[in-house]
Amino acid sequence: MSKQTAVLLFGGASSEHEISCLSASCWAEHLDSSHYDVYYVGITKQGQWLLFRGQPSAIKDGSWQQGDVTPCVLSPDSTHQGLILLEKTPVVLHVDVVLPILHGKNGEDGTVQGLLELSGIPYVGCGVLASAVCMDKAVANTLLDAAGIARCEWDWAWGIDALNNFDILCSRLEKKLGWPIFVKPANAGSSVGISKANNPQELKKAIEIAYAEDKKIVFERFVEGQEVECAVIGNHCPTATLPGEILASQDFYTYDDKYISGTSRTQIPANLSQEQLEQVQQQAVKAYKALGCEGLTRADFFVEKGTGAILVNELNTLPGFTAISMYPQLMAHYGTPLPELLEQLIQLALERAGKQNG
């Protein structure tokens, strides 16, 4: 079988730029070089696209921008099906598949996926609609409610309205959700901008923090219980692992807890009964289908203390691929080591585009 050409996209103009670099370096280190010739394309925080000719270690530590780079763009012209190097005389490099290892806004929200659809190049992960829906927690929650998938009570507001009509909003949330209240930007990932408010003063501050990240804000009832996650994979016939459990070192699972301090722990499988493990697994697949996901997604749930209720939290269409990330840990635990997982995800991308090998 001849080699295929893959573009590994990383970085991005998002608050999760550094985490994308960590995930992408993991992909770079574990891709089968006998199957793929890989172009590394980094997107700076300012949005510039650069072809990087260097080692994955430079992607991981952020030094890639000081290396051998050439400005480039991914052509939206489907007759090119490739990457255009912006040299004195532009050069088009043919591309067979794109690996958009981008987290958060401008990478996981349907924007890059739209460009890739125009390009006509197969790509790993969810499509435009599912990516956009799962990024916007208010839209995702509405669709999950409509599909009859249980979750905690929630509400949402435009940030400007929340601040301008704070007393009215506060009264509404207090009656509907009680205290404490979790406050989240509707469009952000990796726990960025999330706060726990125990009273009106903290609620106002939490709104300001969330509004700095996104114009729309989601409010959720506090759920005391276990945080568990499933890895879901597949296109039309997805499967999910049994869930693993997040043992957060802080009051809730924060960005620092996930990526910086490294003090959170995971347990696979989660400390649940076999019946509960299977119920979470089934709900993960149901939620995946309800939101139109393809390729891969990590499905996050709460199992409420006392009631045992299984409540969906959110679906993440491009979960982390760092050394401590739950998605690859779950897949490896249940029999799919990282190199094999990456190959499966690429084949799912080619299958969706009708270009699968063999």
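How are H7 and H8 oriented to each other, roughly parallel or roughly perpendicular? I kept in mind that this is a predicted model.

**Entry: two helices**

I looked up helix H7 (residues 166-177) and helix H8 (residues 200-211) and found their axes 11 Å apart, at an angle of about 115°. Angles of 65 to 115 degrees count as roughly perpendicular. H7 and H8 are therefore roughly perpendicular to each other. The crossing in which H7 passes H8 is right-handed.

Next I listed who meets whom. H7 brings Phe166, Leu169, Cys170 and Leu173, and H8 answers with Pro200, Leu203, Lys204 and Ile207. Sorted by class, the contact of H7 with H8 has seven nonpolar residues, one charged and no polar.

**Entry: aromatic pairs**

I counted six aromatic pairs. I noted tryptophan 27 with phenylalanine 321, an edge-to-face pair at 5.5 Å centre to centre with 65° between the planes. This pair links distant parts of the chain, 294 residues apart: tryptophan 27 sits in helix H1 (residues 17-30), and phenylalanine 321 in the loop between strand S17 (310-316) and helix H11 (326-333). Tryptophan 27 and phenylalanine 321 are both buried.

Then I turned to phenylalanine 52 and tryptophan 64. Their ring centres are 6.4 Å apart and their planes stand at 70°, so I filed the pair as edge-to-face. Phenylalanine 52 is in strand S3 (residues 49-53), while tryptophan 64 is in the loop between helix H2 (56-61) and strand S4 (68-74), twelve residues apart. Phenylalanine 52 has 5% relative accessibility, so I marked it buried. Tryptophan 64 is also buried, with a relative accessible area of 1%. I also found that ring pairs link Phe10, Phe52 and Trp64 into a cluster.

**Entry: backbone**

Where did I find cis peptide bonds? One runs from tryptophan 179 to proline 180, with omega near -5°. Proline 180 lies in the loop between H7 and strand S9 (181-185), which took me back to H7. Another cis bond joins isoleucine 268 and proline 269, with omega about -5°. Proline 269 is in the loop between strand S15 (265-267) and helix H10 (274-290).

Glutamine 81 is not a glycine, yet its phi is about 45°; I found glutamine 81 in the loop between S4 and strand S5 (82-85). Asparagine 106 has a positive phi too, near 65°, and is in the loop between strand S7 (97-100) and helix H3 (111-119). With a relative accessible area of 38%, asparagine 106 went down as partly exposed.

How values were computed: Residues are numbered from 1 along each chain as its sequence is written. This is a predicted model: local features need pLDDT of at least 70, side-chain atom pairs count only at pLDDT 80 or more; totals for chains, interfaces and linings use all residues. Side-chain values use heavy atoms; hydrogens and water are left out. Axes are lines fitted to C-alpha atoms, for helices over the stretch in contact, and angles run from 0 to 180 degrees between N-to-C directions. Helices (H or I, at least four residues) and strands (E, at least two) are DSSP runs, numbered from the N terminus. Angles under 35 degrees count as roughly parallel, over 145 as roughly antiparallel, 65 to 115 as roughly perpendicular and the rest as oblique. A crossing is left-handed if the near helix is turned anticlockwise from the far one by less than a right angle, and right-handed if clockwise. Contact means heavy atoms within 4.5 Å. Ala, Val, Leu, Ile, Met, Phe, Trp, Tyr, Cys and Pro count as nonpolar, Asp, Glu, Lys and Arg as charged, and the others, Gly among them, as polar. Rings of Phe, Tyr and Trp (its six-membered ring) pair if their centres lie within 6.5 Å; planes under 30 degrees apart count as stacked, over 60 as edge-to-face and the rest as tilted. Buried means under 20% relative accessible area, exposed over 50%, partly exposed in between (1.4 Å probe, protein chains only).
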